[in-house]
Amino acid sequence: MERTSRIPGFYQLPVEERVAKVAAFAGLTEEEEALLRSLDGLERETADRMIENVIGALQVPMGVATNFLINGRDYLIPMAVEETSVVAAASNGAKQARVSGGFTARATDPLMIGQIQVMHPAPDAPDRIAAGKQDIIDLANAQDRVLVKLGGGARDVETRTLDKDMLAVHILVDVRDAMGANAVNTMAEACAPLVEELTGGESRLRIISNLADRRLAEATAVFHRETVGGEEVVDHMLDAYRFAALDPYRAATHNKGIMNGIDAVVLATGNDWRAVEAGAHAYAARDGYAPLTQWEKTPEGHLKGTIRLPLAVGIVGGTTKVHPAARVALKILGVQSAGELAEVMASVGLAQNFAAMHALATKGIQKGHMRLHAKNIALTAGAVGEEIDRVAEQMVKENTIRVDRAEEILAKLRRT
Ligand code: MEV
């Protein structure tokens, strides 16, 4: 089978056939396919080892976004999310980007920051830290020989004077394919006594920073004027972008839409979505809260989008390896490094933002939401099996999607 993520009509296939197509694309084993089909990714024993006081598990649907072409490679992208339209919108954005060659993405080295808070440092503490930098790096690296062997490890030490009695010492650590919190926190704790000695102060907090602004991913794509819907739509989308660039109230929602896509991939791959969220919004706020994407018109009149944000995600360690469904999701993605995963996520965020802005600048988003939303409302009203589609269809036809109306339609259906 040709390895393409362009699978027309994928959304119309029964779940079984979708799984078969994804399995063929990603070379899944029979067990992996069965795991997807069973919706039963997490056994009680595994869940009980992951957190405390386990009583169950909450399932979230996992879909696959199609059409993604990133740096010339086709990806099917697992997305775990409870919100209607997110997977469809990402697939749609990717389909339109594909016309002009898809996404070009890159990621910086995976540098995370470990912070040591120092109280009452000597006045020349920053100089003393600079002089003792190599000792701190060596001590940090002594904590994680495996990481160093893999080509990672502490790279640099910086200081930031925050107040007359407070200094922050930053250890910059290349965490390779890990998210990095464990490695960095261990290093920060281990280095704190040496930092105290050098600064003459007292160390307090020793913890990773989620403002991972040394670990950025970037993606760009051009959306052809004609596929977008013509010059007027391009201009309206640019006005939509300007709205976000000028107004934090709009920027928050603009970025929320971006994170709809990114978080879904973060969750599907067992990564820490709170860390990614914290990083994204802190980065967006570095010079006053701003959009995470930038949009412009090319000389030919096409729409060009760029996204840049911190993405502290890993493909080794933690839940990525413990959760069986996350393992399968990573296999479907087929990424070889954490940087490649970040490139995929950035591309999804850009596609998601394009799709949201396109809908908002044209027909609005409620229409697209309607069909699936109607099904959810039908379910809420108590519809089961075939009733769900029939109640939903009737509500869409009437343009009235409300639980009370769903209940009426359902009651009538059951009487006939
Ligand atoms: C809804 O979850 C996301 C949107 O509000 C994003 C946006 O407004 O750009 C549609």
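Trainee: Which residue takes a positive phi in the hairpin of β9 and β10?

Mentor: Glycine 301 does, with a phi near 90 degrees, and the hairpin has five residues between its strands. This is a predicted model, where local features need pLDDT of at least 70, side-chain atom pairs count only at pLDDT 80 or more, and totals for chains, interfaces and linings use all residues. Residues are numbered from 1 along each chain as its sequence is written, and side-chain values use heavy atoms, leaving out hydrogens and water.

Trainee: In what sense do β9 and β10 pair, and over how many bridges?

Mentor: Strands of a sheet pair through backbone hydrogen bonds, either parallel or antiparallel. Strands here are DSSP runs (E, at least two residues; helices are H or I, at least four), numbered from the N terminus, and two strands pair if DSSP finds at least two bridges between them. β9 (residues 293-297) and β10 (residues 303-310) are antiparallel, over five bridges. Lysine 297 faces leucine 303 of β10.

Trainee: What is the order of the four strands in the open sheet?

Mentor: The order is β5-β6-β4-β7, with antiparallel pairing. At the edges are β5 (153-163) and β7 (202-209), each pairing on one side only. On average, neighbouring strands are turned by 20 degrees against each other, direction ignored. Nine bridges join β5 to β6 (residues 166-174), and glycine 153 stands opposite aspartate 174 in β6.

Trainee: Which strands does helix α8 touch?

Mentor: Contact means heavy atoms within 4.5 Å. Helix α8 (residues 181-199) packs on the sheet and touches β4 (111-119), β5, β6 and β7.

Trainee: At what angle do α11 and α12 pack?

Mentor: Axes are lines fitted to C-alpha atoms, for helices over the stretch in contact, and angles run from 0 to 180 degrees between N-to-C directions. Helix α11 (residues 248-268) and helix α12 (residues 273-284) pack at about 150 degrees, their axes 10 Å apart. The two are therefore roughly antiparallel (angles over 145 degrees; under 35 is roughly parallel, 65 to 115 roughly perpendicular, the rest oblique).

Trainee: Which residues make the contact?

Mentor: Among them are Met259 and Ile262 of α11, and Trp273 and Val276 of α12. The contact residues divide into eight nonpolar, two polar and two charged. Ala, Val, Leu, Ile, Met, Phe, Trp, Tyr, Cys and Pro count as nonpolar, Asp, Glu, Lys and Arg as charged, and the others, Gly among them, as polar.
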